[in-house]
Amino acid sequence: MDVQQLLSIIIIIIIIICRKKECERGAVTKCQRGLLSVGRRHERRPVCLFQPQQRVALAMRIHCKVVVIAVCFGVFLLLYFLGGNAADDPLLQEVVEEEKEAKKGGNSSRSPPEPRRDVAAKFAKKSVARAEAEPLGGRKEGRAINGGAAGVNAKSKRRGNVARPVTKRKRAEEVMHLAVVACGNRVDETLAMVKSALLFSHKRITFHIFAEDPLAPQFEEKLNQWPRSVSAKFQHRIYPITFSVGNADEWKKLFKPCAAQRLFLPVILKDVDSLLYVDTDVLFLRPMDDIWSLLKSFNGTQLAAMAPEHEVPKIGWYSRFARHPFYGVTGVNSGVMLMNLTRIRSTMFKNSMIPSGLSWEDILHPLYQKYKNHITWGDQDLLNIIFHYNPECLFIFPCQWNYRPDHCMYGSNCKGAEEEGVSILHGNRGVYHDDKQPAFKVVYDAIRDFPFEDNMFQSLFYPIQTKFLDTVNTLCGRIPQVFLKQIEKTMRKVFEDKVVRRVRPHK
């Protein structure tokens, strides 16, 4: 029933009660007049004589009717103030007018009228849009919305089914960025790295693949063959090998083919804020999200993160053989490098050449020209030189985030991996493709051959666990918990997320 119809009915009831009251008063007056005429004229005619009890009853009825009128009037005012605001709301009138126009237009096309709940939904959407558009101090409703859930719920009760609580907007989904440089016969190795990142990570990933021209179509073909359920979790971009300064041939020959490309990532990827760079021979044994979260641990001056080259100075390469400056006591390894590119682009780096400092792009070529006859590990040596003069810019993460054969072939010297397991496996020295360190090769082969969407425990973890029995007599295989602890924990977590949480709502 509409508010106007209800008000009309109340007014009619009040009018009827008032008329009855007037009739009763007229009857009393006539009876009193009849008594007077009998006393004066002594005429014999029917008169209306009221006894004291009858008069009390009549007065009570009149008082009750007055109370009823007062109650009806109070109800009228209550409905007016509570329902009138919603009826007079300009947003609702605007929606109703739109509905009328829609009905007029719909009659010509014989389309069915829109349900009333859709009108309410439109009104709610308009209310939210206007509340967001107007400043908070512009109207009283703004304070209620800004005040939290209490103000929103109060408005919902006041407007009944018309207004709905304002829901918070979801934040834009965070995307992680991962870069890799592939040249020569590194396609399969790179694809295994990409697969390992996708198997365990939660957030979407954008892969920035720098590859020689003959390799680009191979990457496109292989990545497009992966199932849709996997391809929905990432996007990829393929770039040619380019060097913004200096001689491209010299940069290519600096260490391994194309390895120096990583030095130019801040210059090339100008629209990327933060980035994780990894070598092609890297495998993720836990979600990439975990190392990505280390960006939040940077202080005000840190702009990159790497792991130490070695844990023991006595057997570290830089501490024994380096002929150039390097970071800290043992230097750092650049196979896994987390970077805040925005900070790198805006920082002036101290150096031994120009006292005023140089930007990242301007320091690379002069640094190479000065130390090219003294560096052995190419781009990694240049990074060590830069952070030697700018140690406040570097964040050091533990060795389990860049676990290499050097951490086990001379005895176990990565305590973090012994306690937590390997987080990122770095198979340098070509150990994925020979039998020198079969413990590394077992993990690589299992991830490379794992079919997407298979059960991870049956098709990935159990094969690794079984084949590891053949490596226990090797230098790195004698500590299997280092390789198996973290990957088992990661797979259990994936199983819980994919299976257990999906089953619970159906119980």
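## A covered strand

Let's start with strand 7, residues 332-340: it is mostly covered, with nine of its nine residues buried. Buried here means under 20% relative accessible area, while exposed is over 50% and partly exposed is in between (1.4 Å probe, protein chains only). Strands (E, at least two residues) and helices (H or I, at least four) are DSSP runs, numbered from the N terminus.

This is a predicted model, where local features need pLDDT of at least 70 and side-chain atom pairs count only at pLDDT 80 or more, though totals for chains, interfaces and linings use all residues. Residues are numbered from 1 along each chain as its sequence is written, and side-chain values use heavy atoms, with hydrogens and water left out.

Two strands pair if DSSP finds at least two bridges between them. Strand 4 (residues 274-278) runs antiparallel to strand 7, and five bridges join them. Here L275 stands opposite M339, and V278 has V336 as its bridge partner.

## Helix 7 and the cores

Now for helix 7. It has 14 residues and reaches 21 Å from its first C-alpha to its last, close to the 20 Å expected at 1.5 Å a residue (the expected span is 1.5 Å times one less than the number of residues). Of those 14 residues, 13 are buried, so helix 7 is largely enclosed by the rest of the structure.

A nonpolar core is a set of buried Ala, Val, Leu, Ile, Met, Phe, Trp, Tyr and Cys residues joined through side-chain atoms within 4.5 Å. The largest one has 75 residues, and L276, F284, Y403, L425 and F483 touch the most other members. Helix 7 (residues 187-200) gives the most to this core, with nine residues. Apart from it lies another core of 44 residues, including Y239, F243, Y327 and L358.

What does F483 touch? Leaving out residues up to four places away in sequence, F483 touches L285, Y403, L425, A439, F440, V443, F468 and C476, where contact means heavy atoms within 4.5 Å.
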